[in-house]
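Have the structure open while you read.

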Amino acid sequence: MTTGVSTRPTAVIPRILAPFDAARRQLTPYRAVLCGLVLLAVAAFVVSAADADFGYGPDELAVWLLVAVGVSGLATYLFAAVFRVPPNSDSWLITGLILFFVVPGGSVDTAVATVATAAVIAAASKYVLAWRRRLILNPAVAGAVGCYALAYAGVEGLSYPFWWVAAEPLLIPLIVIGAAVVTLIREWLLVAVFLVASLMTIGVVELVRGGQDLSTWVVSSPMLFVAAVMLPEPLTSPARQPHRLIYAALVGVLMHCQYTVAVTDSYTLAFVPEIALLVGSLHAFVVRLATRTARRVRLDVETASLADHTYTLRGEPAGGAPSFRAGQWSSVSVPRWSAPVWTGSRRVFSFVSAPKEAPVEFGFTVAGEPSSFKAALIDGRARRAWVDEIGGDFVLPRVFPDRGRVVLLASGIGITPFVSMVRSLKGADLSGLTVVHVLRSSERTVYDDELDSARGASARVVTIVAPELADGVDDPDRLAELVGPDIAGAHYYVSGTPGFVERTSSTIRHLDPSTRLRPWRIHTDSFTGY
């Protein structure tokens, strides 16, 4: 970031996003969603107490919340005991809170029975509706669809999901909290595509049928809740960007198309929100099958020290190595029966090993006291981990190294995806490759052998100990010195802390102005603390 009084966007935006970057060091995406749901629940209670016309009193909300969360937790641990699989610590609470906003409504008895039924179905779906131990449906969607089907079948005492969160008094809290959550989990593009598809579909429906204005659609539809909370669920949405955007558009169109399908003479399927999300989850599952990432891979792991506060995690995969491309990330979970809710049991790591290579390897660092998740890996208490999800578009151009130039810039442990790339290119001519690794201290030097191998294959490799650059390269002249003269038409890959990525990417745009017209040539991957 430049000094002085410059007001250019690249200087202002990092300042605006600084609080979110700080929050990400403590909040995983699951924790961010959990905090957002808790805040929205608090807002619902405040509105319920202050607004006599809200429709539901605080006592009703309290009963629904207790039943949704309590039954979700009890049912999850019951099914986990039956199937002998420890549950992930945050999952059941998030599911219960979502069902609290989605399912109950109508009479008190009907609402309680419906939300309890939804919670049991949601918990069961995690273990029954699974493919090779991997979720097929978002559990909250499974619970809502289950209640929809039972109500349609005429089961006494159950009602359709009400989606009571789509209420005008909750609109402003939902917008504010939803925007904060989406910013924290970095899902604005997914949400934007969903909202555009939704609004375009609403426009078409209004042209054909009419009858409602846009404000009525926005207030009465759970569009914003779905966008911020349910749509980005990582385990049941596609992992790569093109598929994710199709998924977002598909759900947005189906959810608002007002179209029904006559299945039989007595049954008509309407694309209510839960059915639209069901179709989206099934689309994501088909994508995972096609990309061979549908299974959950068990790893027998061990952790070793790599450098100061830096560790390598190696795991022997059961059933063959997971399928991925060099540069991609994995969601790694270590479920434990004793893990309380806030500790979390899932983190995202970049692969260090090359594709199809065993053992599978990851690298990670700790700052200060390690989280309970990382501490369990470091001290050997966690001997088994699971690769839950694989994704990301931080991958090399398919034509490289035969054509083109690539510049890799990393700070600290941000080097890990680049090590996977170098290993995957073993034996190739790397004269078109530049690797720059910025270290805060010499004690953090890692993966020297791989960088020496790249250097021996004609790559330009620069390892520099420069604390002043570890949080970002601000000076175009200094960056030019690091990357070398021959960078015309290069693809730039920037990996490290959010600050390093933001500042260095901004400097790249000044060093190579052609990237302003071709922004797809700058690829970024941010590493946050836990």
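This is a predicted model: local features need pLDDT of at least 70, side-chain atom pairs count only at pLDDT 80 or more; totals for chains, interfaces and linings use all residues.

1. Start with helix 11, which runs over residues 241-256 and has 16 residues. From its first C-alpha to its last it reaches 23 Å, close to the 22 Å expected at 1.5 Å a residue.

2. Which residues of helix 11 are buried? They are R244, Y247, A248, V251, G252, L254, M255 and H256. Their cover includes helix 8 (188-208), helix 9 (214-220), helix 10 (223-230) and helix 12 (273-290).

3. Now the rings: the structure holds 21 aromatic pairs. One of them is W131 with F285, and it counts as edge-to-face because the planes sit at 70°, over the 60 degrees needed, with the ring centres 6.3 Å apart. This pair links distant parts of the chain, since W131 is in strand 1 (residues 130-131) and F285 is in helix 12, 154 residues apart. W131 is partly exposed at 41% relative accessibility, whereas F285 is buried at 13%.

4. Take a look at F349 and F373 too: their ring centres are 6.2 Å apart and their planes are at 45°, so this pair is tilted. F349 is buried at 5% relative accessibility, and F373 is buried at 1%.

5. Finally, there is an aromatic cluster to find: F54, Y56, W64, F100, F101, W164 and F225 form it together.

Methods:
Residues are numbered from 1 along each chain as its sequence is written. Side-chain values use heavy atoms; hydrogens and water are left out. Helices (H or I, at least four residues) and strands (E, at least two) are DSSP runs, numbered from the N terminus. The expected span of a helix is 1.5 Å times one less than its number of residues. Buried means under 20% relative accessible area, exposed over 50%, partly exposed in between (1.4 Å probe, protein chains only). Contact means heavy atoms within 4.5 Å. Rings of Phe, Tyr and Trp (its six-membered ring) pair if their centres lie within 6.5 Å; planes under 30 degrees apart count as stacked, over 60 as edge-to-face and the rest as tilted.
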